[in-house]
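Please consult the sequence and the structure shown here alongside the text.

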Amino acid sequence: MSKKERQQQLLHIIAGNPFVTDRELTRQLKVSIQTIRLDRMELGIPELRERMKQMAEHSYDQVRSLPADEVIGDIVDLQLDKSGISIFEIREDHVFSRNGIARGHYVFAQANSLAVAVINDEIALTASADIRFVRMVLLGEKCIAKAQVRSLAGRGGKAEVDVFTYVGEELVFQGHFIVYRSANEEYSEGGNRSVDRH
């Protein structure tokens, strides 16, 4: 394909997935990494880290259902009761030391916390989860979790949230979460009644 066609394709791919890496672009467009970097520079498209930073700086809704620092991964987009995106990089302390494979509970925790974070309520608790690990995740890979609220009930009801986690374009995890939502302040995030123990 011509340079112009390749650059149009590059723009299209990044518009569809702003988290795509240069390496993934080389595979999709079948050119060298230097060519991808030159094309990005010519088109004024920043590298992945800068794109992520720009997305994080855009205004998005604030998490209400749990403290933001309890969300596993970095939220880069959040529209309460609609959708959300978080990114979680697998580091040394997230993997089995023998083989560099991520421990499943970290991948689940990213998806679960995003499913709770997307709910527009002071209290949101996971009631159940139907999950599937599609493939193992490895040290150094970036998990991009995308949550979509499928249905909402009124106060004291339940919400259904689907979460799909990708590494690049490849699906690695999927979950369907039922989340209790309530305005009742007497429950803590862990699901226990807050009791004065003094």
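What is the place of Glu24? Glu24 lies in helix H2, which covers residues 22-29; helices (H or I, at least four residues) and strands (E, at least two) are DSSP runs, numbered from the N terminus. The model is predicted, so local features need pLDDT of at least 70 and side-chain atom pairs count only at pLDDT 80 or more, while totals for chains, interfaces and linings use all residues. Residues are numbered from 1 along each chain as its sequence is written, and side-chain values use heavy atoms, with hydrogens and water left out.

**Overall fold**

- The secondary structure of the protein chain comprises five helices and six strands.
- Read from the N terminus, the order of elements is α-α-α-α-β-β-α-β-β-β-β.
- Of the 198 residues in the protein chain, 40% count as buried; buried means under 20% relative accessible area, exposed over 50%, and partly exposed in between (1.4 Å probe, protein chains only).
- Among contacts in the protein chain with a separation of 6 or more, 61% come from residues 24 or more positions apart; contact means heavy atoms within 4.5 Å.

- Glu24 is buried yet has no salt bridge, and the nearest side chain of opposite charge, Arg27, is 4.6 Å away.
- A salt bridge requires a side-chain nitrogen of Lys or Arg within 4 Å of a carboxyl oxygen of Asp or Glu; for charge, Lys and Arg count as positive and Asp and Glu as negative, with His and the chain ends not counted.
- Leaving aside neighbours within four places in sequence, Glu24 is in contact with Phe19, Val167 and Gly168.
- Met52 belongs to helix H4 and counts as buried because its relative accessibility is 17%.
- Not counting residues up to four places away in sequence, Met52 touches Phe19, Val76 and Ile87.
- Met52 and Phe19 are 33 residues apart along the chain, with their C-alpha atoms separated by 7.1 Å.

**The largest pocket**

- The largest pocket has a volume of about 750 Å³, where volume is the space filled by probe spheres set on grid points joined across faces, edges and corners.
- A pocket is an open set of points on a 1 Å grid over the protein atoms alone, where a 1.4 Å probe fits, with protein on both sides within 12 Å along at least five of seven lines; lining residues have an atom within 4 Å of a point.
- The lining of the largest pocket has 31 residues, of which Leu48, Ile87, Gly140, Glu141 and Lys142 lie nearest its centre.
- Elements giving two or more residues to this lining are H2, H4 (48-57), E1 (74-79), E2 (83-89) and E4 (142-152).
- H4 gives the most to the lining of the largest pocket, with five residues.

**Salt bridges**

- The structure holds ten salt bridges.
- Glu42 and Lys3 form a salt bridge at 2.9 Å, N to O; the pair links Glu42 in helix H3 (residues 33-43) with Lys3 in helix H1 (residues 3-16), 39 residues apart.
- Lys3 is partly exposed, with a relative accessible area of 41%.
- Arg64 and Glu122 meet in a salt bridge at 2.8 Å, N to O; Arg64 is in the loop between H4 and E1, and Glu122 is in the loop between H5 (104-117) and E3 (123-133), 58 residues apart.
- Asp162 forms a salt bridge with Arg150, the closest N and O atoms being 2.9 Å apart; Asp162 is in strand E5 (residues 158-167) and Arg150 in strand E4, twelve residues apart.
- Asp162 is buried because its relative accessible area is 13%.
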